[in-house]
Structure formats: C-alpha cells, structure tokens
Amino acid sequence: MDISKAPNPRKLQLCRIYFLTGFAFLPFVWAVNVCWFFEEAFRKPPYTEQTQIKRYVIYSAIGTFIWTIALITWVILFQANRAAWGATADYISFIIPLGVP
Amino acid sequence: MAQQMKTAAIWLLLWLQSTAGVLGERTREKMYEPILGASCFRRLNGTHQTGCSSTFSGSVGVLHLINTDADLEFLLNSPPSPPYAPLIPPHLFTRTNLLRLKNAGPKTISVVLLINRSKRMTQFSHELNCPNQYSGLKLNNSTETVTCDASNVANTWNRWGTGLLHEDFPFPIYYIADPEEIDKLEECFNKFNNFDYESHSLRSLCAVEIKSFMSAAVNSEVCMRRTNFINNLGGSKYCDPLEGRNVYATLYPRTPTESFDVDATEKFIIVSCRLDTTSMFDGLGLGAMDSLQSLAILTQVAHMLHKLLPSANSQPDPKRNVLFLAFNGESYDYIGSQRLVYDMETLAFPSRSTRTTPISFENIEFMLDIGTLDDIGNIKLHTLTSTPPAQQLLQKLNQYAKSSRYGFNVNIESNVGYNIPPTSAQSFLRRDQKFPALILNAAPNNRYYHSIYDDIDNVDYVYANTSQDYTKLADVNDAKNISWSSLQMKVRNVSSIVAMALYETLTGKQYQGNQVANPLLADEFFYCFLMSSDCPLFKASSYPNSPAGVPLPPMRYISVLGGSQESSGWTYRLFGYLLSHQEPSVPKENCTQLPLFYFASLNGTGECRCTTQNYTHALSPAFLIEDYDWRSGQYSTWTESTWSQFSARIFLRPSHVHEVTILSIGIVVFIISFCLIYIISSRWEVLFEDLPASNAALPMPTAC
C-alpha cells in the first residue's frame, strides 16, 4: 500500500492501529510503524493529524527500543548461562544443540 | 563437403572418447583417500562423559608418525604447522602420553591415530585398576567399592590398567588395524611431511580428517532428559542406555504353573559368569581372556552336568536344580546382575510369559560365580565370610583338582574377606552381605584386560578342527589330539573340577567316573567366539539350514537397544542345544513352540529337543525407576551417545600461506569485477555506439 496516496485521517487511523497492535507483545509491529510513518511524522509539511501521528511514531520507537534492549539482554544472558542453568534451560529451549553442555 | 567433414569430426571425437574411457568421478572425491578403521566414541554415566568426539564438521590434523618419545616432544613443544594428528603405536599409547596430548589442546593436537604395530607392546589395558570401582559391594555410603583399593595399584584387580576408557578426550581417536592402511598413511607421511620440518608451514602437508561427532554431552542425566524431552522439535536422540539380554538356563526343565507365588521348596544352585566385554573402539574387542574363558567354562560345566545327571527324579532331592546365568553388561557397573537382583526382589524373574513360579532369594542355595581365570595354576575361592557350605565346596573342588586319578594338578585356595574380584556376585552381596556367594577367580595376570588386544594370541588358542563329536564326554586320558598345555585343556580341567564338585553336591555321592568335559567342545566354542560365527557349533545349535553366521566373531559388547546382540543370541542357542533333551517322538512340524526347539544338531540332520534356556532383560534399573537420583551411585547409569557417521580420509592440506593467497586473489578479482561492471555500465554509449538504447524499441507509455 502506498501510504502517500491515502487521505490524512486514514493515515492517522493506520498509525494508531499499528501502535495499539504492538501492545500484544508484537514489538516488530512498532518497528514497522516507525519506519512506515517516519516520513509522514517528521518530513512532510504540517497538517492537522501530523501531531498525533508524530506522537504514535515516537511512542512506537520508544517501545521498539525497550524491546530491543530487553531481547538482546535476554539472548546474551541465556546463551552465556544455558549450560549452567541445566534442566531449566532445556525446558525453555526448542532446539538443543548437539554435543555440547 | 563441409557437412561430411563435420560428421567425420563428430565420429572421430566419439571414437576418441570411447577409447580414452570416461571418468565420471568428481574432483572433490579424487582429493581424498578413505582410511578404514574403528573409532572411539562417547559414553556417559551419571556424573561424567567419557570417550571421544570429533568436531561437528570433522577434525583435521597433519599426519606425524611417532616412533619414539622424542617425536612426541617435538609435536608438543614446537609444532611447526599445527594442528597435528600423531600416528601412535600401542607401546606409546600410554596414560601419560595421552594425557599430555589432551592437555596440549585441540589447537595443537586435533586427531590421534592408533596404529596396529604391536611388536614392542608389553601391556595394553584401558580399564581402571579397579574395574567397576564405583559400583559393586560398598560400605557406609562410600562411593567406591570396598573390594578393591585403587591407591594400592599392585594389589588391584587390573594393575596394568590405564583407565583411559574412563577419560574424556577433546579429539577423536581412530584405530587402524589393517597393515595396508597403515602403509598408506606412512607413505603419505614420508612423501609430503617427513622432511624439512621448518618449512611445514609453507607447504602442502598430508593430513587426515576424522568424522565422529557425538550428539550427547555432560552426563546420562542430561542426555536422557534431552532425549525424552517433549519440546524436542528436532526429534533428535542424544543417547541410548546400554541395554542387552542376560541368558539363563536350568539343568532340569521347571514345571509350568499358573501360580505366581514363590515355591519355597524349590532350591537353586546358581552357576554364573559374565557374557560381555568391552574395548575403546567400536565393534572391536573379543575379551578372550577377560571373560570368554569363563563363559566357556560355564558352558562346559552345564554340558557335563547335563550329561552326568540327565533327570531330576534320580536325585535325592528332585526339587533341587541348577541355574546357569550369563550376565550381560557387567563391564559397565554390573548392568545385568543388578537388573537380575532387582527383578528377583520384585519377583519378576523369570518373566510371567515363561509360566513358571518366580525365583526369589530364599530359593537360592548358593551361587558359584566364575570370574576371570587368567592363570589356572593359581585359583582362589573367594567368599565374604567363612561358612560351612563354602568350606565344603572348597573341599570338594580340591578333592577333584588334586586327585591323581584325573591328574588335573590344580590347587584351589580359600580367600575370605572383602578382597573380592569384580564379578557379578558383588551385586548380590551388595543387597545382602550374608548372601551365599562363592567366587572362583585366579590371580589377575591379563595385561590386555578390556582391550582390542585381548584376542586369540593373548590366550594362545589354536583351532584343532578335528570334526569329531564334541557333544559326548571324553575319557580323562583322551586328549583328542589336543596339546595338554592348550587353552582347550585348561578349560576342560577347570570345568570338569567344577562339574564334579557340583555333581557331588547334588547327588551326595562322590564322582567315580572316568568321563570328563570334552576338550573338543572348548575347541569349537573358542573357534566360534574368537574366529568365525560361521562355525560347526553355532550351526548345530541353530535351526536346520538357517543362514550361516558371518565369518567374523560375534560382537560381545553389550551395545544398545537395536544393537547387534549377537553374543547373547548365540549363547542362548548354545545353552538351548547343550542343555536340552532329545524328543524323538515329536515330529518336526510339531516342534515349533518353546520349550520345544528344532536344532540342526551335530551332523545337520535335525532333531527336536526340549530346552530350558531363556533371556532376561539387561537394562539397568536406573532407567526404570521414576525420578531416579543419577548421582546416587546405586545402579549403573551408562549410556552411549548417538552419532551419525564414522569416517576417516587423508588428503593434502594446503599451507596456511597458500590458503591466504587464494582467498586474497579471490577478493581482489571480486572487487575488480565490480569496478569493471561499473565502468562498463556508465560508459555504455562509448562501447556500444551503434546500438540503440535498450528502451528505444519500446513504445512510449500513453499519457494518463
């Protein structure tokens, strides 16, 4: 869908839907929202809905950032401690590597 | 004319091609030369992993022949182009050397090859000084057995043991037995590696690649948990418990009943031994001295007693029977006997499908366990405490052993106390120290215990191949053309002594006959188990015209579920054949349901016989008990890792400089090609002047 062709209220509606969907533990939707509406929020000449779109984009960006930090922390923590956590780590794994603790 | 020339040219080409021969082999395959051998693999117990594994994609090392300790020093101290793959002869395959290679790390030593050049070898045992050190009879919650003191090596049961079987190696170890393969390796080493060591890092070297990647890691608890894990999306199996079958048979058939209560009037004398052996390498290890001798003696004792005492009704006590047991997996913390004790405690032995009453400990009169008999001139009867039945049996044994009438010239001494050999009886004594276990064991004298070299040469066996009847007992003075000092005669003597002593115990009368065990039976037995499964004795104990065994000795390692289980199968049929009564009145058609079995028998004519043998499951109770504490040391916890393949091949490994050059050239060509394309596409008008623009042919889009 070419966002530039949609009317402004439609843009705002889409941006809000994406922002709200992100709360269902879907940080990637927030990331998409930021990329998709960044131009509309910050580059386009001002229009009425822009302030709201801007707000959603900023909130989505913050959400994405927090999620990224959290995920990276978890991945590092898990990979570093998988062997030490023993059974617990196995129970939360889907694929256990072969031949290593 | 031109057309004709063309046709001729094509024909010529085709003809040339057909004479030259088409080689469809891939270049990649031409680079490698496969090497045949046997690999070391990973086993795990409740606390550790042992054995070897390669890296996932295969371990590569530069070949280096080790002839002296100095060669090893060179590799460890100043390797010019690591990682290396030392080719080690058995006499240098010592604990010290192997641990030094291990400590050097996989960056220096990535593969170890053991080559079969055994001239200078004087000993080779990878078992611990105290086999089954962490199981068997233990006292006061100790983790180690009380029957062997590992700190006093000279007095242990295997003083030549290096314990390498219980070490974990970060590199694969491959054993190459075939002299041709060893020559191939040596030739490659001499041609490419064995000169000018300083320039090793600058030239191509002959290297070996071993693939033996193991899936399991850490210990049995971890790998069993991962294997049984419900989330296991890959469905991968990490390890399998060591699992096999014990074989048992009774001297007299037991009466079938529908009752599942123990019959206290029934009495059993257990005569037992070990069925399995082990070694460091997959599919190898005959265990000729460490366990096959005792199995031969057990078989001969059973056969002789069966011949002497054909019917229970002629005995003073017809409710007295002899139970012959061959335990599997005893090399790995007494798997078979631990399971039997567990089954007897839960009244699950024999299984209900046999329709006989369960046998419990109260039915056991005593147990005579046949351990290793390395030196039959020095046999001891081990007991925990001195009891009258043990004294009596010893006296009976010695009466025949020393008798001038038979001329066995064997002296059996008594040994009372905790200094008990590592045999199956320990599992029974562990449950109850008052259990009447007597163990026949010679002073340890086997320098190749649990190794690939415990073979025909270690026991000095020569096949007599007489083609005479081995199912009849022989006269004591008739050696059947077999040397008096041979292995066959040793087995004949010991088994006759044991059988005579048991005869006296059962009948209450002294044995007066001149008939002793037949040395030819031992001859045939060893031929089958040491040389070829395609042998007269195995043929006689199978169904007529059943497919012949492979011309290789049966594998005697316990293995896992779905493993070969050859030795238990053959022992089962052997017990069936040698301990059964002929049923001449039953025709072949009706001889299909156990206990009736149709055997090819001695001359292949076929006969129906009433058998008494059966299997019991040899899987450690640790795998049956829910939430078993793997670290408790109560039961055997050995598992074997799974693997996808074993392979070894040699090739020329380019030098590091060579590899870097090739990669750099590739990168440069890649960058140049980019620049070239950019230049061409930006200056296309200059290059392709006459051509119209690519979009010129297309009509202009109509304006919307």
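Over residues 56-77 of chain A, how much of the chain is helix and how much is strand, and how far apart are the end C-alpha atoms?

Analyst: Over residues 56-77 of chain A the chain is 100% helix and 0% strand, and the C-alpha atoms at its ends are 31 Å apart; helices here are DSSP runs of H or I with at least four residues, strands are runs of E with at least two, and both are numbered from the N terminus. Please keep in mind that this is a predicted model, in which local features need pLDDT of at least 70 and side-chain atom pairs count only at pLDDT 80 or more, while totals for chains, interfaces and linings use all residues. Residues are numbered from 1 along each chain as its sequence is written, and chains are lettered from A and ligands numbered from 1 in the order in which they are written.

The span you ask about carries a label from a record: the unreviewed UniProt entry annotates residues 17-36 and 56-77 of chain A as "transmembrane region", and such annotations, given in the numbering used here with shortened feature names, may be inferred rather than shown by experiment. The annotated residues 17-36 of chain A are 75% helix and 0% strand, with end C-alpha atoms 13 Å apart. Chain B has an annotation of this kind as well, for in its unreviewed UniProt entry "transmembrane region" covers residues 660-680 of chain B. That span in chain B is 100% helix and 0% strand, and its end C-alpha atoms lie 30 Å apart.

How confident is the predictor in chain A? The mean pLDDT, which is the predictor's confidence in each residue on a scale from 0 to 100, is 92 for chain A, and 99% of the residues in chain A reach 70 or more. Among the elements of chain A, helix H3 (residues 50-85) has the highest mean pLDDT, 95, whereas helix H4 (residues 87-91) has the lowest, 89.

Helix H3 of chain A packs against helix H2 (residues 27-43) of chain A at an angle of about 145°, and their axes are 8 Å apart. In this description the axes are lines fitted to C-alpha atoms, for helices over the stretch in contact, and angles run from 0 to 180 degrees between N-to-C directions. The crossing of H2(A) and H3(A) is left-handed, a term used when the near helix is turned anticlockwise from the far one by less than a right angle, with right-handed used for clockwise. Residues count as in contact if their C-beta atoms, placed from the backbone, lie within 7 Å; among those that meet in this way are A:Trp30, A:Val34 and A:Phe37 of H2(A), and A:Tyr56, A:Val57 and A:Trp67 of H3(A). By class, the contact of H2(A) with H3(A) has twelve nonpolar, five polar and two charged residues, where Ala, Val, Leu, Ile, Met, Phe, Trp, Tyr, Cys and Pro count as nonpolar, Asp, Glu, Lys and Arg as charged, and the others, Gly among them, as polar.

Of the 704 residues in chain B, 47% are buried, a word used when 20 or more other C-beta atoms, placed from the backbone, lie within 10 Å of a residue's own, with exposed used for 12 or fewer and partly exposed in between.

Two residues of chain B show how this count works. B:Val341, in helix H8 (residues 335-345) of chain B, counts as buried because it has 23 C-beta neighbours inside 10 Å, and, leaving aside neighbours within four places in sequence, B:Val341 is in contact with B:Ser427, B:Phe428 and B:Arg431. B:Asp627, by contrast, counts as exposed because it has 4 C-beta neighbours inside 10 Å, and B:Asp627 lies in the loop between strand E23 (614-619) and strand E24 (639-641) of chain B. Its phi is positive, near 55°, in a residue other than glycine.
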